[in-house]
Amino acid sequence: MRHQYRLTKYNPASRGADGAYLLDEWTSFSDIGRSFAGVALTETEYLRVEADYLISLEEFLTEAGITSLRITGLETQRSGDIPAFIVPGRELNLAECIEFSQLALREQIWGKLVRPGLAYVHFGYDYYVYLGLPRACHAALKNARANGLFAEPMRSPYLRAQPT
């Protein structure tokens with residue numbers, strides 16, 4: 001895939017020479033209520049950022065012409081809270097992909113969404129999302145930035161661990 005991105009809320013200007021993020025920021029749904037750089041993460045703020053991620057994911061997939069992806073490598077953190085459509089190997093439509101993404105961002109599940117050789121969405125630690133797409137998504141890139149997100153060119157580190 002020629003167009004691969006790391007989608008995050010972390011400004012690349014705040015990274016060290018080794019690429020590590022230097023500021024004290026929240027990295028997880030479980031951080032709600034904790035303070036970072038003297039500011040408490042509220043549920044409202046968490047949900048605002050989560051919504052920005054989900055909107056951006058939908059915009060990238062839509063602009064790239066991706067209408068469905070298949071679940072691979074599924075791991076669930078809790079039983080009972082997971083929608084019945086989330087099963088290994090199942091192909092998800094776009095709305096289901098976004099619901100899957102929300103659960104992954106909240107660390108209730110982990111897995112990859114893939115269309116082998118065409119597209120992927122991978123979820124990393126610390127609120128990182130990796131995208132591989134068949135075409136450039138200029139409008140989605142612009143909209144992500146307008147919503148305070150950063151889509152940097154980067155190959156998913158999870159491609160090495162398991163093929164898409």
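At what angle do helix α1 and helix α2 pack, and how far apart are their axes? Helix α1 (residues 43-63) packs against helix α2 (residues 94-105) at about 145°, and their axes lie 10 Å apart. The legends below start with this pair. The model is predicted: local features need pLDDT of at least 70, side-chain atom pairs count only at pLDDT 80 or more, and totals for chains, interfaces and linings use all residues. Residues are numbered from 1 along each chain as its sequence is written, and side-chain values use heavy atoms, with hydrogens and water left out.

**View 1. Helix α1 meets helix α2.** Helices (H or I, at least four residues) and strands (E, at least two) are DSSP runs, numbered from the N terminus. Axes are lines fitted to C-alpha atoms, for helices over the stretch in contact, and angles run from 0 to 180 degrees between N-to-C directions. From α1 come Tyr46, Glu50, Tyr53, Leu54, Leu57, Glu58, Leu61 and Thr62. They meet Leu94, Ile98, Ser101, Gln102 and Leu105 of α2. Contact means heavy atoms within 4.5 Å. The residues of this contact divide into 8 nonpolar, 3 polar and 2 charged. Here Ala, Val, Leu, Ile, Met, Phe, Trp, Tyr, Cys and Pro count as nonpolar, Asp, Glu, Lys and Arg as charged, and the others, Gly among them, as polar.

**View 2. An open sheet of 7 strands.** The order is β5-β4-β6-β7-β8-β1-β9, with antiparallel pairing. Two strands pair if DSSP finds at least two bridges between them. β5 (91-93) and β9 (150-153) stand at the edges; each has a single partner strand, so one side of each lacks a neighbour in the sheet. The twist averages 25° from one strand to the next. Helix α2 lies across β4 (68-76), β5, β6 (109-115), β7 and β8, and runs at about 105° to β5.

**View 3. Strand β1 between β8 and β9.** β1 joins β8 through 5 bridges, antiparallel. It also pairs with β9 in the antiparallel sense, over 4 bridges. Tyr5 has a bridge partner on each side: Leu131 in β8 and Pro153 in β9. Because 6 of the 6 residues of β1 are buried, the strand is largely enclosed by the rest of the structure. Buried means under 20% relative accessible area, exposed over 50%, and partly exposed in between (1.4 Å probe, protein chains only). His3, Tyr5 and Leu7 cover one side, and Gln4, Arg6 and Thr8 the other; all are buried.

**View 4. Phe60 in the nonpolar core.** The largest nonpolar core has 48 residues. Such a core is a set of buried Ala, Val, Leu, Ile, Met, Phe, Trp, Tyr and Cys residues joined through side-chain atoms within 4.5 Å. Phe60, Leu113, Val121, Val129 and Leu133 have the most contacts inside it. Beyond its neighbours within four places in sequence, Phe60 is in contact with residues including Tyr5, Leu7, Leu131 and Leu133. Val121 has Leu131 of β8 as its bridge partner.

View 5. Asp31 is found in the loop between β1 (3-8) and β2 (35-36). Asp31 counts as buried because its relative accessibility is 5%. Leaving out residues up to four places away in sequence, Asp31 touches Trp26, Phe36 and Leu41. Met154 is found in the loop between β9 and α4 (158-161). At 30% relative accessibility, Met154 counts as partly exposed. Met154 and His3 are 151 residues apart in sequence but 8.5 Å apart in space, C-alpha to C-alpha.
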